[in-house]
Amino acid sequence: MAARDVRPPRVLRPGPREGGPIALGDEDLLIEGECLRVMRRLPEGAFDVVYADPPFNTGRDVVMHRTRAAADDDAERTGFGGRRYRVERVGSQRFPDRHDDYALFLRERAEAARKLLAPWGTLYLHLDQRESHRAKLMLDEVFGEECFLNEIVWAYDYGGRPKRRWPAKHDTILVYVRDPDRYHFDTAEVEREPYMSPGLAGPDKAARGKLPTDVWWHTIVPTRGAERTGYPTQKPEGVLRRIVAASSRPGGVCLDPFCGSGTLGGVARRLGRRRVMIDATPEAIAVSAARLARRDGEGDPPPPGPAAAWQRVARR
């Protein structure tokens, strides 16, 4: 689908004493500020999708090192064709991931998100195994149990493997709707994925692929992938693409209160949705602004064909 508008979003940096409403207007917005304070200034009932990927409260600093490979005949690493190379560190980023009262932190932002959703709108809250069970009980209270739609498991296979427990290789995305009788959900817009046993499905079904379930097998952002920004908590576009495509219409408005590297903004642009992105850190705003200033074909990969983004995992 062609992009609705290739113009980069307007960057706002409201001061701490500014408390008036923020109008959406015709421009997409990238707002630097504490997300709860900003969310309370946005118009209620204006958003088709709120995708929230808050800090996971790991209690640690999140660190991402940026590296590059350089040819070196004396290095120990061997690559393609037997060529030797060394890895050089060219930069790093560090972000604290801890909150004294994480339950209250999430609840206040969930309450704000509910007010911002249109009657047909949907919240996607992206967490890990440490907090998802408590967050679900909280969302049942804030939205109502009848507004629970799905618990999505995003499964991947990357990172360390502890010896004394099953390796944790998934995130949880809790899905709640503003109104269980009016929410928008369009499976026709969702990219299909390959059958795990295509021979049993038959050639026609195998060629079409199948609709995803609530378990999504998808790689993380590849280390050398075109979409990688180097931001520590960057999520893959394939995961966000499903969310935006299924739960919003072209021309709808999507909100990301923890925008990080701007993945939702890039996906929304390609799918013809408007976007409002918020982050408290100048580093995230800089990364998102640079990413969204590019036109399609200038660094961001194009949308894959049916099932392409998921094929690599299904064939493992």
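Q: What counts as buried, and where does cysteine 147 stand by that rule?

A: Buried means under 20% relative accessible area. In this predicted model, cysteine 147 has a relative accessible area of 2%, so cysteine 147 is buried. Cysteine 35 has a relative accessible area of 4% and is therefore buried as well.

Q: How many disulfides does the structure hold?

A: The structure holds 0 disulfides.

Q: What does the protein chain look like as a whole, in helices and strands?

A: The secondary structure of the protein chain comes to 9 helices and 12 strands. Of the 316 residues in the protein chain, buried residues make up 45%.

Q: How are two packed helices described?

A: Two packed helices are described by the angle between their axes and the distance between the axes. Take helix α6, residues 237–247, and helix α7, residues 263–270. Their axes come within 9 Å and cross at roughly 55 degrees. α6 and α7 are therefore oblique to each other.

Q: Is the crossing of α6 and α7 left-handed or right-handed?

A: The crossing of α6 and α7 is right-handed.

Q: Which residues meet where α6 and α7 are in contact?

A: An α-helix has 3.6 residues a turn, so residues three or four places apart point the same way. From α6 come Glu237, Leu240, Arg241 and Val244. They meet Thr263, Leu264, Val267 and Arg270 in α7. The residues of this contact divide into 4 nonpolar, 1 polar and 3 charged.

Q: Is α6 mostly covered or mostly uncovered?

A: α6 is mostly covered, with 11 of its 11 residues buried. The buried residues of α6 include Gly238, Val239, Ile243 and Ala246. Glu237, Leu240, Arg241 and Val244, named above for meeting α7, are also among the buried residues of α6.

Q: Where is valine 221 found?

A: Valine 221 is in the loop between β10 (215–217) and α6. Its relative accessibility is 3%, so valine 221 counts as buried.

Q: Which residues is valine 221 in contact with, leaving aside its neighbours within four places in sequence?

A: Valine 221 is in contact with Glu227, Arg228, Gln234, Lys235 and Pro236, once those neighbours are left aside. Distance in sequence and distance in space can be read side by side for a pair of residues. Valine 221 and threonine 233 are 12 residues apart in sequence, and their C-alpha atoms are 9.8 Å apart in space.

Note on methods:
Residues are numbered from 1 along each chain as its sequence is written. This is a predicted model: local features need pLDDT of at least 70, side-chain atom pairs count only at pLDDT 80 or more; totals for chains, interfaces and linings use all residues. Side-chain values use heavy atoms; hydrogens and water are left out. A disulfide is a pair of cysteine sulfur atoms within 2.5 Å. Buried means under 20% relative accessible area, exposed over 50%, partly exposed in between (1.4 Å probe, protein chains only). Axes are lines fitted to C-alpha atoms, for helices over the stretch in contact, and angles run from 0 to 180 degrees between N-to-C directions. Helices (H or I, at least four residues) and strands (E, at least two) are DSSP runs, numbered from the N terminus. Angles under 35 degrees count as roughly parallel, over 145 as roughly antiparallel, 65 to 115 as roughly perpendicular and the rest as oblique. A crossing is left-handed if the near helix is turned anticlockwise from the far one by less than a right angle, and right-handed if clockwise. Contact means heavy atoms within 4.5 Å. Ala, Val, Leu, Ile, Met, Phe, Trp, Tyr, Cys and Pro count as nonpolar, Asp, Glu, Lys and Arg as charged, and the others, Gly among them, as polar.
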